[in-house]
Amino acid sequence: MSVVVHEPGAVSDPLPVRSRGGFIWRTIRHRPSAAIGALLLGLIILCALLAPWIAPYGLHEQVGPPFGPPSRAHPLGLDDGGIDMVTLLMWGLRISLIVGFAATLVSMLIGGTVGLVAGYFGGKTDGILMRITDYFLVIPDVPLMIVVAAIWGPSLFHIIIVIGILLWTGTARVIRAQVKSVRERVYVKRARALGAGHGRIILRHVLPQVAPLLIANTVLTIAVAVFDETALAFLGLGDPSRISLGKVIENAFQRAAISSGAWWAIVPPGVLVALLILSCSLIGQSLEDALNPRLRVAHLSARTFRLRPLVGRDKAAV
Amino acid sequence: MLFRLAPGSAVSNLSRVPHATPETRAALKEQFGLDKSRGEQYVIYLKQLAHGNLGISFANSQPVRENLRTAILNTLPMVALGTLFAIIFGTLTGVIAAWRRGTALESGTVTSALAFYSMPTHWLGLMLVILFTGILPTGGMSDEFLIDPSWWTHFKDVLSHMILPSLTLGLVLFGEYTLIVRSAMLETLGEDYILTARAKGLRPWAIVRKHALRNALLPIATLVALSLGYIVAGAILVETVFSWPGVGRAVYDAVLARDYPMLQGAFLFLTVSVVFFNLLADLLYFKLDPRITE
């Protein structure tokens, strides 16, 4: 055996990092649905970021009669307070995105940690952590969110925390399953034999391997978080001082936009939420599909079968 | 599940009634057993639960069990109708999407399923309200102005009120189920036995039905059963939009009224329903997969 001793992590370091970034980029380039999703999400985020500069009117500026119909100056009409809908939507998007991202971050931190620790250590730790996860999993989350939001009082921070601590279970389970298989791979065992500590193995060797899955999960969680925020706001449990997209829908519903015939106050915010969720689902779904090699071959799909009668162009996939 | 028992501000809220004297407060507290410690309350609750007693609602002084039973009986048919719709159409489109993979038909189905899946439930409900105002009733569960209706008229009336909420729920679930079924089918279609079946010269439809769907049913059944447990909980949004007096509405009202016994009861029911549907999925396995014989 050679005497060359090198840092256990040093050799494998650059590789996973590169492949991780490359994986997402590749998926977005090769899958049209992912590309559409990314484009859509990028546009939405840009709109939200630039709201203070490109919003045509002030957020609290009454520019016309309540429920003023769409016109050239106000392409989407006015809301019940005579505020321009386009302006309102841009600012609402900001809050919705903040809630979505922040809540996802909370749930990823919890879910990722639980999944990594449970999957890596196994045994009793795994048992206890998974029981806790099961416990959270059977709690119907929307009612619990309502209860917690109602008891803590409506504030943006509370809503983020509530959504965050209820969404992590799925992530924890998916990550745990993946970690369990990664843990048994040879290079992890080698790293352990070289004397790497648990912390180092988890962070340097296991985490990069599960990272794509974690990212796919994150994107899907953002969609759920945005939806949950909209639901909470609709039930009147949103932060009353912050206008999110859910709040815009709720306001329009409460102020009888429907019976006033003001469809423009209620259709666009919903469409926007749907687009936001759609873009996240498209990206997340494509990433997950790309991670699952079993989906690559379908022996009976109409087109693939006609084009290639036997297995597949991509022999490596089988 | 019963951690919710710590009542927090239950009493303070009860006694927020104007002109409540300290005596009334004390009397109220005693009546509802709130003068005891939380530990004691918890033990009492568990004891009563074992006898099937869920307590008395703070809000309307009716037994929680009665309140809950009415709510559940109102929710179930609406949810069942929506779910049935979603399962039938979701499976159908999911199978077709997987079978015709890579064609315009698939992208069409997947796009529409994703679109429905992305829409906020309550917003979809509101859209249906806008579309169907004047054609179908958009709120409540029955026409209150019907005087002494016959059984049949009443049935028709409730059914017409049920269509929109059920459709809302059904469409959202339809999107979800289509995606689930599609990916499950795609996985099975990649198996080698499908290739074998194809090589034997079986007709595609026979392969889909007998070989692929049969095997894909396992993950589908799990996911659908899992989602069923949450539907009742998720129906809360639909019930708010359409003022449907069901379980979701009951939870919402109970939160606003700080009606803790009612909340506990509703949560118990929701949790039990989740666990029950999980059990159902496990039992379904035996039926669906003859290989499992434990």
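Tutor: Two residues are in contact if their C-beta atoms, placed from the backbone, lie within 7 Å. Among contacts in chain A between residues at least 6 apart in sequence, 70% link residues at least 24 apart. The model is predicted, so local features need pLDDT of at least 70 and side-chain atom pairs count only at pLDDT 80 or more, while totals for chains, interfaces and linings use all residues. Residues are numbered from 1 along each chain as its sequence is written, and chains are lettered from A and ligands numbered from 1 in the order in which they are written.

Helices are DSSP runs of H or I with at least four residues, strands are runs of E with at least two, and both are numbered from the N terminus. Chain A has 13 helices and zero strands. A residue is buried if 20 or more other C-beta atoms lie within 10 Å of its own, exposed if 12 or fewer, and partly exposed in between, with C-beta atoms placed from the backbone. Of the 318 residues of chain A, 43% are buried.

pLDDT is the predictor's confidence in each residue, from 0 to 100. Its mean over chain A is 76, and 84% of the residues reach 70 or more. Helix H5 (residues 85-121) of chain A has the highest mean, 89, and helix H13 (residues 302-307) of chain A the lowest, 37. The pLDDT is below 50 over residues 300-318 of chain A, a stretch with 35 contacts in the model beyond near neighbours in sequence. Where pLDDT is low, the predicted coordinates should not be read in detail.

The part to look at is A:Trp168, which lies in helix H8 (residues 156-183) of chain A. A:Trp168 is buried because 25 other C-beta atoms are within 10 Å. Leaving out residues up to four places away in sequence, A:Trp168 touches A:Ser107, A:Ile110, A:Gly111 and A:Val114. A:Met108 is 60 residues from A:Trp168 in sequence, yet their C-alpha atoms are 6.3 Å apart.

The contact involves A:Ala274, A:Ile277, A:Leu278 and A:Ser281 of H12(A) with B:Leu114, B:Ala115, B:Tyr117 and B:Ser118 of H5(B).
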